[in-house]
Amino acid sequence: MFDTQDTASFSETSLPKQDYLARILGYSVAVITVLIGIITDFYSNEALAIVIIGLVYPHLIHLLSKPFRKKHAYTTRQFLIHGDAILCGLMLAYLHLPIELVVLFLIMINTSFIIVGSITAWAFCVISLISGGAAGVMLFGYHKAAPVPDPVFISAALGVGMHLAISAFNSNRQSRDLMRLKLKFQGQVERFQALSQQVARYVAPQIWESIFAGKRQAKLETQRKKLVIFFSDIVGFSALSEQMEAEAFTDLLNQYLTDMSNIAMRYGGTIDKFIGDGMMIFFGDPTSKGTKGDAIACVSMAIEMRRHMLKLRKQWAEMGMTAPLQIRMGINTGYCTVGNFGTEERMDYTIIGKEVNLASRLESKAEPGEILVSHETWALIKDKIICRQRGEAMVKGFRDPLPLYQIVDYRRDLGANPSFMNHDTEGFSLHMEADKIREGEREAIAQALEKAAHKVRRKVTKASA
């Protein structure tokens, strides 16, 4: 979690305190200047009103604004700054606007405005200052002031210079504090990102992204949606676990699940859970391409998984594993309840419903290397995927027998120019996905196939002779 203590301390304590001290210093300069003016008979005793206001106003306004600063810190600060500008305009007008003092106080006030806010805020503060001066002239009248005595000018100049120096020091310290907070928060952000990446491995990427994007909240809620549900497992994998060493078996299982998960994410599937060597994936939430698009994406994922299993079998065979493992899959489409189930402290994002059970039953009825789909799914994909009807079957939870369909392949891959070819026998193995071959490698592959074909033909010729 982010540590907000420093932020709260900086925003709620440091800035109001700095504004308070700067206000005391600024009005003290005015007080000292007026007192020296009274001592040197430049101002009458009536100017003591300025002294009283300068001594009381900073403390009074600090106390009165305290309740507002807690709820509306920025607005209160801007309001007080505009109040200072108007009051300073009134005070200068009351002192008959001696040009020497006006210039010095304008420098001091403008510096404060620039330090506090943006150019826009500064412009509005200048307007407030001019408005205060104009109001003062209307209230007190205007009389051309006599030349300011040197003691008055020197005291005002020294006060303004001290105010500028202290303001610069406070600004520099404030910049250092901001930089320190920035570095601290940057470190916390990096730590938080690293932790969130660790947590993301326990949930589907789509859910993690939607939560961090603010589109979803981690609370107990569900909804009914039409989803495409996928189940798969490896035939004979349980028996294999009894024959292999635990470490080798774990490596093999993790490799399989990693590869299949990458395929699922490429097609936009939401990985619900791993069940040993089995996988449960669904399409349609939290993102969807429409029911038809989700069904095509799910079946396309299943076809690629089946093809990828051929590569894994070859790799495992080279590692000495003789068991010809094959994957079987079941896919169904229908309305499910999807959302967060569990408790407020521990919840699981998943789906439930009879359509989920049907997908699981289809997977259990599939033969090794087979993809079985329901009638609902077949109706959505039949224009893109060639399917073969596999009769009907009684499924637990359903009264009537249900038609089953076997996925054959893409229609484009069963025409005159198929992009996918696979042939595997003793002494020969061919696995080709033409669409994935890079442009620069096609010529080399063609030459290799021609050499292989030439050698095979020579063997056939010798055998015939």
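Leaving aside neighbours within four places in sequence, which residues is S300 in contact with? I will come back to that after a word on the model.

This is a predicted model, in which local features need pLDDT of at least 70, side-chain atom pairs count only at pLDDT 80 or more, and totals for chains, interfaces and linings use all residues. Residues are numbered from 1 along each chain as its sequence is written, and side-chain values use heavy atoms, with hydrogens and water left out.

Now the answer. Apart from those neighbours, S300 is in contact (heavy atoms within 4.5 Å) with Y267 and Y410. The side chains of S300 and Y410 are joined by a polar contact of 3.2 Å; such a contact is a pair of N or O atoms within 3.5 Å, and within protein one must be able to donate a hydrogen and the other to accept it, while residues adjacent in sequence count only if both atoms are side-chain atoms. S300 is buried, at a relative accessible area of 7%; buried means under 20%, exposed over 50%, partly exposed in between, with a 1.4 Å probe and protein chains only.

Next, a helix pair. Helices here are DSSP runs of H or I with at least four residues, numbered from the N terminus. Helix 2, residues 48-71, and helix 3, residues 73-94, have axes that come within 10 Å and cross at roughly 165°. Axes are lines fitted to C-alpha atoms over the stretch in contact, and angles run from 0 to 180 degrees between N-to-C directions. That makes helix 2 roughly antiparallel to helix 3, a label for angles over 145 degrees. Among the residues that meet are I50 and I53 in helix 2, and A73 and T76 in helix 3.

Notes:
Helices (H or I, at least four residues) and strands (E, at least two) are DSSP runs, numbered from the N terminus. Angles under 35 degrees count as roughly parallel, over 145 as roughly antiparallel, 65 to 115 as roughly perpendicular and the rest as oblique.
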